[in-house]
Amino acid sequence: MDFLAHLQMAFTVAFEPMNLLMCFIGVLCGTLVGVLPGLGPSTTIALLLPVTFSLSAVQSFIMLAGIFYGALYGGSTTSILVNIPGEASSVMTAVDGYQMAKKGRAGPALGISAFGSFIGGTFAIILIMLLAPPLARMALKFAYPEKAALIFFGFTMVTYLSGGSLIKSLMMAAAGVLLSCVGTDLITATQRFTFGILELSDGIGIVPVVMGLFGIPEILSNLEKPSREVKVFETKTSQLLPSKQDWKESSGPIARGSILGFLVGLFPGAGGVLPSFFSYALERRLSKHPERFGKGEIAGVAGPETANNAGGQAAFIPLLTLGLPCTPALAVLMGALMIHGLTPGPLLMRENPQLFWGAIGSMYVGNAMLVLLNLPLIGLWVKLLRVPYYLLSPLILVICLIGAYSLNNSVVELLIMVICGMLGYVMNKYGYPAAPLVLALVLGPMFEESLRQSLIMSRGSLAVFFTRPISAVLVVISLALLISPIIFRKGGRLQGGDGL
Amino acid sequence: MFRDRDVKSSLFWALIGILFCIGGFHYGIRRSGIPGPGFLPFVTGIILVALSLILLISRFLDRGGRAGPKEEPMPGGLALSRILIVLGALCLYVLILEPLGFMVTTFLFMIVLLRLEPRKWMFILLVSIGATAFFFVLFKVLLRVPLPSGLLAY
């Protein structure tokens with residue numbers, strides 16, 4: 001009966017008029033940034049964070065979470081219609097979706113990805129409701145060594161799964177931890193690396209760093225090419241509904257995509273691209289006509305799109321129960337909650353049930369809104385794509401600048417953003433992933449506290465991480481993951497994300 | 001060429017690691033037997049230096065010099081000059097925002113970015129004025145973000 005009581009509470013909070021409005025604004029912004037290349041969910045959540053200062057914690061969480069899963073929907077539209085994935089997570093959708101559009105079947109492709117997204121998302125939310133309470137209860141027993149081991153495990157997974165060179169990912173995680181050391185030391189109140197700059201004593205904020213590392217490089221690399229016309233397929237909304245045959249071909253991929261996406265999405269770092277890659281690979285292997293994949297097969301759209309949303313929603317489980325954000329966007333969301341004085345983690349459900357269940361209720365509502373919103377508004381999104389990029393890019397940059405400035409009304413934040421922008425651009429070119437840095441920056445203070453407290457407990461002995469069963473398992477898995485590429489592949493290069 | 005880039009970047013990160021190590025040492029790695037405020041920066045700095053050296057050495061051992069899956073060449077010529085202009089404009093924005101105020105700075109920033117490609121000046125001016133006014137109304141008037149007024153104090 002717990003489930004029903006939680007459900008009732010979830011919907012009571014979610015249906016409060018103000019919360020409904022916030023949810024609507026969130027998913028609308030999310031879809032918008034999902035459509036627009038050059039502005040990702042993490043940048044947008046970072047941008048709108050200052051706006052939420054005047055809202056309550058519940059309202060801001062509902063809105064910012066809406067941006068996160070709204071973007072998962074929006075990305076598919078541009079993948080299908082113009083072969084430009086608005087987000088990295090919809091890259092696989094572009095493969096068969098664009099081919100379908102070329103054959104004049106853009107409508108069913110858009111329709112099935114919207115319905116698939118809805119089904120995958122809702123499936124994942126139901127599982128969140130079922131799994132989060134027991135997981136949080138388990139996590140409540142975690143003491144400092146377990147927390148430190150868990151965060152270490154999170155770092156390892158994120159670096160392991162972020163693709164590209166493992167060494168470079170690890171270097172970025174280390175750099176993130178170092179940046180998180182800037183500011184006042186939590187235990188002894190020593191000022192570290194602040195150089196007398198008052199704004200730095202609170203540490204380096206996540207918002208300017210995310211805008212710098214994700215927002216600015218994206219805009220810059222789009223500006224490298226001269227502006228060009230975007231070719232869009234014309235579609236009418238009346239053709240959007242998939243036919244019976246389409247449904248028959250997609251039901252299997254949607255069902256498998258929901259489960260696969262959910263399972264993959266639970267792992268830190270896997271939330272973004274991997275669920276859809278895995279689903280695409282699985283569907284091609286299971287299909288009776290694997291040769292049709294890449295030429296406009298609807299299963300190749302339905303499966304990945306579903307998995308993408310199920311995985312995105314599943315990523316809320318580690319965030320809300322363990323306090324472990326799986327993607328940069330969720331790291332910013334976690335930063336937002338902390339600004340409102342809440343720490344995501346096992347205590348959240350017990351101490352702020354309104355927020356916890358309200359947020360989950362809003363996800364049901366938001367997913368329904370997205371289907372209703374997306375299908376009729378596709379025409380509008382497509383028109384938006386016609387806004388030339390040379391107009392869009394300065395506007396996005398100015399919004400980033402205002403957003404960074406408004407955090408503390410200080411130029412220091414702006415400077416951090418611009419420096420991170422330059423760094424991020426070069427890092428992109430040199431193959432250094434930004435995600436591990438951002439996650440390490442957010443988790444750094446918590447990691448440091450639990451690490452040092454553990455060592456205080458054990459009087460400086462590292463054995464404390466190996467004598468306690470849970471932390472021992474986590475540390476051993478992490479170390480095994482870190483060592484495995486050296487054993488199996490010379491040079492420590494891990495080629496991730498091929499999907500096959 | 002790619003090997004060269006890994007060498008450059010690994011040396012950069014090694015330097016960062018060393019700086020944090022020195023800082024960590026200065027803040028105190030151990031205080032009365034337990035880890036002090038410099039402990040994490042010192043240890044992580046060493047890890048970063050070690051990783052950079054591994055990258056460096058593996059680059060010298062790996063004679064193939066192939067590019068990683070996520071590496072892209074740096075732009076040259078026109079594209080590079082556009083990037084540098086945008087970055088320069090961003091730096092300038094930071095420098096002149098407080099003395100000149102939001103309106104003037106944003107207006108100038110818009111003009112620079114729209115002039116990346118040759119366009120009619122009339123169009124550039126109109127869009128810049130329109131965008132500045134729009135942002136002013138949206139952020140300062142509606143959302144009450146305290147943006148600096150600078151020259152145009154009212």
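**Figure 1. Helix H7 of chain A.** Helix H7 (residues 144-161) of chain A comprises 18 residues and spans 26 Å from its first C-alpha to its last, close to the 26 Å expected at 1.5 Å a residue (1.5 Å times one less than the number of residues). Helices are DSSP runs of H or I with at least four residues, strands are runs of E with at least two, and both are numbered from the N terminus. Because 18 of the 18 residues of H7(A) are buried, the helix is largely enclosed by the rest of the structure. A buried residue has 20 or more other C-beta atoms, placed from the backbone, within 10 Å of its own. The model is predicted: local features need pLDDT of at least 70, side-chain atom pairs count only at pLDDT 80 or more, and totals for chains, interfaces and linings use all residues. Residues are numbered from 1 along each chain as its sequence is written, and chains are lettered from A and ligands numbered from 1 in the order in which they are written.

**Figure 2. Surroundings of Ser276(A).** Ser276(A) lies in helix H11 (residues 274-286) of chain A. Ser276(A) is buried, with 33 other C-beta atoms within 10 Å. Leaving aside residues up to four places away in sequence, Ser276(A) contacts Ser89(A), Met92(A), Thr93(A), Pro304(A), Ala307(A) and Asn308(A) (contact: C-beta atoms, placed from the backbone, within 7 Å). Ala310(A), 34 residues from Ser276(A) in sequence, is 9.7 Å away, C-alpha to C-alpha.

**Figure 3. Domains of chain B.** An automatic or database domain assignment gives domain 1 (2-61) and domain 2 (77-152) of chain B. The centres of these two domains, taken over C-alpha atoms, are 39 Å apart.

Definitions and conventions: Buried ≥ 20, exposed ≤ 12 C-beta atoms within 10 Å, placed from the backbone. Contact = placed C-beta atoms within 7 Å.
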